[in-house]
Amino acid sequence: MLSYVVARRLVTGLYQAARRPVVIGLVSSRGYRGDTADDTRGDLIEIPLPPWDERPGEAIDIKKRRLLYESRKRGMLENCILLSLFAKRYLNTMTESQLYQYDRLINEPSNDWDIYYWATEAQPTPEVYQGEIMDMLKEFTKNRNQEQRLDAPSLEYLEKESQ
């Protein structure tokens, strides 16, 4: 009985292997179009976000905590790691003007990929987001010290700073 099952699996496997090249030749392949010259990008869906609202009366410590949270909770893991580590390093030393720039940078664009591409310099940064904070973020992204950046920082450092 056991040899019948083994023989049947072997014959079935050989039959499928013999048919495979024929079947592959008949199946149409679908490729990723990407950013080709003839791509109309008509299949992209841009979900509009509500407009960014400046919060003029917000206390600085509240703004820093909000920006820290918004740096950690992004729509994509790459920005979550990049922006949360950037915020951990620079947020407490930012001036009010820098906090305004950072708030606008991470909350106004509707696509997180745009921020990532600007920070990694894969795409040019629009003039409206050019400034001291974008320069700091681009330099931070280069990771010249070759730090291991595989995950967002734990929140334990917040407790140490408040003591």
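1. Asp-103 is buried, with a relative accessible area of 2%; here buried means under 20% relative accessible area, exposed over 50% and partly exposed in between, computed with a 1.4 Å probe on protein chains only. Asp-103 lies in helix 4, where helices (H or I, at least four residues) and strands (E, at least two) are DSSP runs, numbered from the N terminus. The side chain of Asp-103 makes a polar contact of 2.8 Å with the side chain of Arg-66. A polar contact is a pair of N or O atoms within 3.5 Å; within protein, one must be able to donate a hydrogen and the other to accept it, and residues adjacent in sequence count only if both atoms are side-chain atoms. Not counting residues up to four places away in sequence, Asp-103 touches Trp-52, Lys-63, Arg-66, Leu-67, Glu-70 and Glu-108, contact being heavy atoms within 4.5 Å.

2. On the basis of the note: this is a predicted model, in which local features need pLDDT of at least 70 and side-chain atom pairs count only at pLDDT 80 or more, while totals for chains, interfaces and linings use all residues. Residues are numbered from 1 along each chain as its sequence is written, and side-chain values use heavy atoms, with hydrogens and water left out.

3. The overall make-up of the chain comes next. Its secondary structure amounts to seven helices and zero strands, in the order α-α-α-α-α-α-α along the sequence. The chain has 163 residues, of which 31% count as buried. Its accessible surface is about 12200 Å², and 54% of this belongs to carbon and sulfur atoms; the areas come from the Shrake-Rupley method with a 1.4 Å probe, and for residues only the protein chains shown count as cover. Among contacts between residues at least 6 apart in sequence, 64% join residues at least 24 apart.

4. Glu-108, one of the residues in contact with Asp-103, is found in the loop between helix 4 and helix 5. With a relative accessible area of 29%, Glu-108 is partly exposed. The side chain of Glu-108 has a polar contact with that of Arg-104 at 2.8 Å and another with that of Tyr-129 at 2.9 Å. Leaving aside neighbours within four places in sequence, the residues in contact with Glu-108 are Trp-52, Asp-103 and Tyr-129. The C-alpha atoms of Glu-108 and Glu-54 are separated by 10.0 Å, although the two residues are 54 apart along the chain.

5. Helix 2 (residues 60–72) and helix 3 (residues 77–90) have axes that come within 7 Å and cross at roughly 150°. Axes are lines fitted to C-alpha atoms, for helices over the stretch in contact, and angles run from 0 to 180 degrees between N-to-C directions. Helix 2 and helix 3 are therefore roughly antiparallel to each other; angles over 145 degrees count as roughly antiparallel, under 35 as roughly parallel, 65 to 115 as roughly perpendicular and the rest as oblique. Helix 2 contributes Leu-68, Ser-71 and Arg-72 to the contact, and helix 3 contributes Asn-79, Cys-80, Leu-83, Ser-84 and Ala-87. By class, this contact has four nonpolar, three polar and one charged residues. In this scheme Ala, Val, Leu, Ile, Met, Phe, Trp, Tyr, Cys and Pro are nonpolar, Asp, Glu, Lys and Arg are charged, and the others, Gly among them, are polar.

6. Ser-84, in helix 3, counts as buried at 0% relative accessibility. Its side chain reaches the backbone oxygen of Ile-81 at 3.3 Å. Apart from neighbours within four places in sequence, Ser-84 is in contact with Ser-71, Arg-72, Asn-79, Ala-152 and Pro-153.

7. Met-94 sits in the loop between helix 3 and helix 4 and is buried, with a relative accessible area of 6%. Residues up to four places away in sequence aside, Met-94 touches Lys-64, Phe-86, Leu-99, Tyr-102 and Ile-133. Met-94 and Ile-133 are 39 residues apart along the chain, and their C-alpha atoms are separated by 9.2 Å.

8. Ile-133 is also one of the buried residues of helix 6 (residues 132–142), along with Met-134, Met-136, Leu-137, Lys-138, Phe-140 and Thr-141. Their cover includes helix 3, helix 4 (96–107) and helix 5 (112–119). After helix 6 comes Asn-143, with a positive phi near 50°.

9. Glu-121 is a residue other than glycine with a positive phi, near 65°. Glu-121 lies in the loop between helix 5 and helix 6 and, at 43% relative accessibility, counts as partly exposed.
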